[in-house]
Amino acid sequence: YEKKEKILIRRIINRQDRLDATYYNESGVFKKDLNPFIATDMNYNTKYLLALINSKLFSWLYLNSSSIATKDDFRQTTLAELRKLPIKKVEKNPEKSIHDQLVSLVDQMLTTKKQLQQAKTESDKNYLERKCEQLDKEIDQLVYQLYGLTEEEIKIVEGK
């Protein structure tokens, strides 16, 4: 794959029933345990897509709509199934504002994850892990808002 923005999506769904994806903008060759996803529609910001894919809502949607996700003991993702997820196109306010906030939060998350990898002390690691959790919650709340979920629907997605 050429040096361009892409999302790497872990093929196996994690134990918390969440999709795992990250941003990558280098050239590379990937094993089959990662699905490289490159947006072909330039109207979508890669980091916006990353926020959606990593959200609780998209994990819930994927697990409840994909026949492949529930087929094995090790739930899996495929690009064909992931492409079926409902990506919301944002063109006007307030949706554009939410889009921009999601991109900003993804930037903060990527920076925090790098800092976490380099953290030397337990207190720094704990602080950065809590910051990641908080950013993750903020992303989820914005995605719920973007898709117009009610409180009841949010409880279902979060398993409450």
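A residue counts as buried when its relative accessible area is under 20%. That term is needed at the first stop of this tour, which is made through a predicted model.

**First stop: strand β1.** Select residues 6–10, which form strand β1. This strand is mostly covered, with 4 of its 5 residues buried.

**Second stop: the partners of β1.** Strands of a sheet pair through backbone hydrogen bonds, either parallel or antiparallel.

Display the 3 strands together; they form an open sheet in the order β2-β1-β3, with antiparallel pairing. Strands β2 (21–24) and β3 (34–37) stand at the edges; each has a single partner strand, so one side of each is left without a neighbour in the sheet. From one strand to the next, the twist averages 25°.

**Fourth stop: two helices.** Two packed helices are described by the angle between their axes and the distance between the axes. Select helix α1 (residues 46–53) and helix α5 (residues 122–146), whose axes come within 9 Å and cross at roughly 95°. Angles of 65 to 115 degrees count as roughly perpendicular, and α1 and α5 are therefore roughly perpendicular to each other. Show the side chains of Tyr 48, Ala 51 and Leu 52 in α1, and of Ile 139, Val 143 and Leu 146 in α5, which make the contact. By class, this contact has 6 nonpolar residues, no polar residues and no charged residues.

Technical notes: Residues numbered from 1 in each chain as written. Predicted model: local features only at pLDDT ≥ 70, side-chain atom pairs only at ≥ 80, totals over all residues. Heavy atoms only, no water. Axes fitted to C-alpha atoms, helices over the stretch in contact; angles between N-to-C directions. Helix = DSSP H or I, 4+ residues; strand = E, 2+ residues; numbered from the N terminus. Parallel < 35°, antiparallel > 145°, perpendicular 65-115°, else oblique. Contact = heavy atoms within 4.5 Å. Nonpolar A, V, L, I, M, F, W, Y, C, P; charged D, E, K, R; others polar. Pairing = 2+ DSSP bridges. Buried < 20%, exposed > 50% of the residue type's maximum accessible area, 1.4 Å probe, protein only.
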